[in-house]
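Thanks for coming, everyone. I'll take a few minutes to walk through one model. Please keep the view open while I talk.

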Amino acid sequence: MKRLQSLIIGLVFIILVLIFGVRQLEKATGMAGAQVLNIYNWGDYIDPELLAKFEKESGYKVNYDTFDSNEAMLTKIRQGGTSYDIAIPSEYMIQKMMDEKLVNKLDHSKIKGLDNIDPRFLDLSFDPKNQYSIPYFWGTLGIVYNDKVVDSEDMTSWNDLWRPELQDNIMLIDGAREVLGLGLNSLGYSLNSKNLTELDEAVAKLRKMTPNVKAIVADEIKMYMANEESAVAVTFSGEATDMMWENEHLHYVIPKEGSNLWFDNIVIPKTAANQEGAYEFINFMLEPENAAQNAEYIGYSTPNKKALDLLPDEITSDEQFYPSDELVSHLEVYQDLGPEYIGIYNDLFLELKMYRK
């Protein structure tokens, strides 16, 4: 009996120690007595000062996790291990998440500031009437070149990437849709092609470009181009902004044949445990001053038309980053091709990377 009493006392003591430890941890991390908003976003894709401002204004503690691909984000949301209240996927992935019922339908009566968004970026094909998503950033895929090596008139088309003088001097972004897409566009085909003959033609043409390819990389592309380790890169407009900020000899161009027009939108995943906080965050990011601050910090194009008035003219007047309607008409949004064709694109891209000479 005494042994049983001693065991019970010991267990109670251990439980009290654990409770005390948890409370001390909550104090140390600022979680005690605070509601939490779990945000899942791309790396370095929001001004940290805005997160601090949102915490101060709302009283929520923000937990901010990052992903490096739409596919990684989808996998984690599917698993449901973390109750993410906000996620920021790209358009084709939003389509997929809607089909799989992984996102909540939005209650527009709780959203303030949607009228600040340029109508061009609302009611798009991947989410009619914005029933599930709110525009966050948009941009294009294009070419960055160094004017010490390349003249502006020699870099206006995807086909310029095949110029022999660029041997071992091009960096490509590590993405199947992006690389195969530029191959398709260079032939006048859609970057959403499901035509196997067109895809084979694109890959055959891209193989002829491989002597010019120095590396196929991800985030490092910014550092390499800023340090002039390559003359040309294929990358996204926001990445290009960072490079150009670091090196005045770099310039960005949207190829004349057309390219990708992408959108990243805010959604509330099915995993959300704090929908009230999620709507507060959406409304916070729709405020023009916050959208402008975020756009200036990140370098991508804001869909918030009222925020444009708060940005410097040298940013909003640059047609490569805020293209005209005529130029936008030559751009395509990535569509969800379905698992079969996503697999085909990935396999062809892998073969291309292995083929490189």
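Start with Lys-194: is this residue buried, partly exposed or exposed? Lys-194 is partly exposed, because its relative accessible area is 44%. The cut-offs here are under 20% relative accessible area for buried, over 50% for exposed and partly exposed in between, with a 1.4 Å probe and protein chains only.

Now the ground rules. This is a predicted model, where local features need pLDDT of at least 70, side-chain atom pairs count only at pLDDT 80 or more, and totals for chains, interfaces and linings use all residues. Residues are numbered from 1 along each chain as its sequence is written, and side-chain values use heavy atoms, with hydrogens and water left out.

Next, the overall picture. The protein chain has 14 helices and nine strands. Those are DSSP runs numbered from the N terminus: helices are H or I with at least four residues, strands are E with at least two. Of the 357 residues, 49% count as buried. The chain exposes about 17400 Å², and carbon and sulfur atoms supply 52% of that. The areas come from the Shrake-Rupley method with a 1.4 Å probe; for residues, only the protein chains shown count as cover. Residues 24 or more positions apart account for 75% of them.

Back to Lys-194. Find it in the loop between α5 (176-186) and α6 (196-209). Leaving out residues up to four places away in sequence, Lys-194 touches Leu-337 and Tyr-341. A polar atom of the Lys-194 side chain lies 3.3 Å from the backbone oxygen of Leu-337. That is a polar contact: a pair of N or O atoms within 3.5 Å; within protein, one must be able to donate a hydrogen and the other to accept it, and residues adjacent in sequence count only if both atoms are side-chain atoms. Lys-194 and Ile-344 are 150 residues apart in sequence, yet 9.4 Å apart in space, C-alpha to C-alpha.

Move on to α6. Asn-195 caps its N-terminal end, with a side-chain oxygen 2.9 Å from the backbone nitrogen of Thr-197. How far apart are the end C-alpha atoms of α6? They are 20 Å apart, which agrees with the 20 Å that its 14 residues should span at 1.5 Å a residue. The expected span is 1.5 Å times one less than the number of residues.

Which residues of α6 are buried? Glu-198, Leu-199, Ala-202, Val-203, Lys-205, Leu-206 and Met-209. They sit on the same side of α6, because they cover an arc of only 165 degrees around the axis. That arc is taken from the directions from the helix axis to the C-beta atoms. Thr-197 and Lys-208 are exposed on the other side. And the packing partners of the buried residues? They are β5 (170-173), α5, β6 (213-217) and α14 (338-355).

Asn-260 lies in the loop between β8 (250-253) and β9 (261-266). Its relative accessible area is 0%, so Asn-260 counts as buried. The Asn-260 side chain reaches the backbone oxygen of Glu-332 at 3.2 Å. Beyond four places in sequence, Asn-260 touches several residues, including Gly-139, Leu-191, Phe-236 and Tyr-334.

Last topic: charges. Side chains of opposite charge can pair when their charged atoms come close. The structure holds twelve salt bridges, each a side-chain nitrogen of Lys or Arg within 4 Å of a carboxyl oxygen of Asp or Glu.

Glu-228 and Lys-148 meet in one of them, at 3.2 Å, N to O. Glu-228 lies in the loop between α7 (220-226) and β7 (232-236), and Lys-148 in the loop between β4 (134-146) and β5, so the pair ties together parts 80 residues apart in sequence. Glu-228 is partly exposed at 33%, while Lys-148 is exposed at 52%.

Asp-242 and Lys-222 form another, at 3.3 Å, N to O. This pair links distant parts of the chain, with Asp-242 in helix α8 (residues 237-246) and Lys-222 in helix α7, 20 residues apart.

Finally, Arg-163 and Glu-165: their closest N and O atoms are 2.8 Å apart.

Methods:
Contact means heavy atoms within 4.5 Å.
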